[in-house]
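I opened the notebook to keep track of what I looked up. The entries follow in the order I made them.

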Amino acid sequence: MGKSISTRNSREWTQIYAIYGMDQWQTLIFLLTQAILFSVFSILYLLYFTSICIFFELILPSGTARFAAGFTGAVTALSAVCLYFAAANFFYSAVPLQYDMANRIVSAVSDWSSVKLALDLGCCGRGILLNAVATQLKKEGSSGRVVGLDRSKQTTLSTLRTAVTEGVGEYVTCREGDARRLPFPDNYFDVVVSGVFVHTVGVGRRSAAEAAAERMRAVGEVVRVMKPGGVGVVWDLLHVPEYVMRLKEMNMEDVRVSDCVTAFMVSSHIVSFRKPTHQFLLGPPEVRLDWRLC
């Protein structure tokens, strides 16, 4: 399995982008546009610094005016640098990082040969994680299938197209659905994976408490549809401590949390766990933490 994952990791990001493109490209254009504007303002400050100082002297004392003009120019230049960095991080997170993290999620499952049904919860974007799972099933010679669930029919159609491009179309099925009420019976999937999705559940609620409750419902649904002994692997932003607490309350076994990875300018982690093969535990299992919260 390690060799298969290594082969996938060797692909260039240009190849990945050619297949999957990038969602929310408007955000990238916005960040780049703002960065360019601030860069232009910074250059104008340098070219016309004396004139700008004269303008500030109309409302401030001479020494203070020169300092204010220099400080404003420095803030403008620093803002341009920050915006360029934000744009670069957004692009990296949207394409190369998602591909790398998909492979890390796949590698968190020790045995794919016995997997008959897997679920990608919220197969957002063009299905990078979904296709990584399907590719692993194909390389294992498994007869298993992976189901991608998303709230948008348009997204599921684009995901199916990329699966065909990757040569794993026969391993992939997509469905519309709500993560808070998964349209699957109890104990259905051997593996459930998710990439940067659960934090979006409950967005738009009037209070943070309501949004958190919706996310916990989604986590509960993940556990519900997993078979006893099944494995769950979730990569997400910001709310990982909430998931760990909920998994402890539900007595999940072998809960592990990865090191911190910066994605979309915030901290993210991968959480993996196993559903007990028996219904009840005497007490909550130990949670193995490989990181400290950023």
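**Entry 1: ground rules.** I first needed the meaning of an element: helices (H or I, at least four residues) and strands (E, at least two) are DSSP runs, numbered from the N terminus. With that I placed R205 in the loop between β4 and α8 (208–225). I noted that this is a predicted model, in which local features need pLDDT of at least 70 and side-chain atom pairs count only at pLDDT 80 or more, while totals for chains, interfaces and linings use all residues. Residues are numbered from 1 along each chain as its sequence is written, and side-chain values use heavy atoms, with hydrogens and water left out.

**Entry 2: R205.** I wrote down the cut-offs for exposure: buried means under 20% relative accessible area, exposed over 50%, and partly exposed in between (1.4 Å probe, protein chains only). R205 has 43% relative accessibility, so it counts as partly exposed. Contact means heavy atoms within 4.5 Å. Apart from neighbours within four places in sequence, R205 is in contact with R180, E210, A211 and E214.

**Entry 3: the whole protein.** I found 9 helices and 9 strands in the protein. It has 294 residues, and 46% of them are buried. For surface area I noted the Shrake-Rupley method with a 1.4 Å probe; for residues, only the protein chains shown count as cover. The protein exposes about 15000 Å², and carbon and sulfur atoms supply 60% of that. I also looked at contacts between residues at least 6 apart in sequence: 80% of them join residues at least 24 apart.

**Entry 4: the largest core.** A nonpolar core is a set of buried Ala, Val, Leu, Ile, Met, Phe, Trp, Tyr and Cys residues joined through side-chain atoms within 4.5 Å. Which members of the largest core touch the most other members? They are W112, V133, V146, V172 and W235, out of 45 residues. The elements giving two or more residues to this core include α2 (13–20), α3 (25–47), α5 (62–107), α6 (128–139) and β5 (226–237). α5 gives the most, with 12 residues.

Leaving aside its neighbours within four places in sequence, its contacts include L97, M101, I105, F197 and H269. A second, separate core has 29 residues, among them A179, A218, V240 and V244.

**Entry 5: empty space.** Rolling a probe the size of a water molecule over the atoms shows where empty space is left. The search uses a 1 Å grid over the protein atoms alone: a cavity is a set of points where a 1.4 Å probe fits but cannot get out, a pocket is an open set with protein on both sides within 12 Å along at least five of seven lines, and lining residues have an atom within 4 Å of a point. Grid points are joined across faces, edges and corners, and a volume is the space filled by probe spheres set on the points.

How many cavities of 30 Å³ or more does the structure hold? I found 1. The largest cavity has a volume of about 70 Å³. Its lining is V198, A218, V219, V222, V234, Y243, L247, V271 and F273. α8 supplies the largest share, 3 residues.

The second largest pocket holds about 270 Å³ of space. It is lined by 18 residues, and the closest to its centre are V109, S110, G229, V231 and R274. β4, β5, β6 (253–257) and β8 (266–274) each give two or more residues to this lining. β5 gives the most, with 5 residues.

**Entry 6: R274.** R274 lies in strand β8. Its relative accessible area is 31%, so R274 is partly exposed. Leaving aside neighbours within four places in sequence, R274 is in contact with G229, G230, V231, M252 and E253. R274 and V255 are 19 residues apart in sequence and 7.0 Å apart in space, C-alpha to C-alpha.

**Entry 7: two positive phi values.** N187 is not a glycine, yet its phi is positive, near 55°. I placed N187 in the loop between β3 and β4. N251, also not a glycine, has a positive phi of about 60°. N251 sits in the loop between α9 and β6. At 22% relative accessibility, N251 counts as partly exposed.
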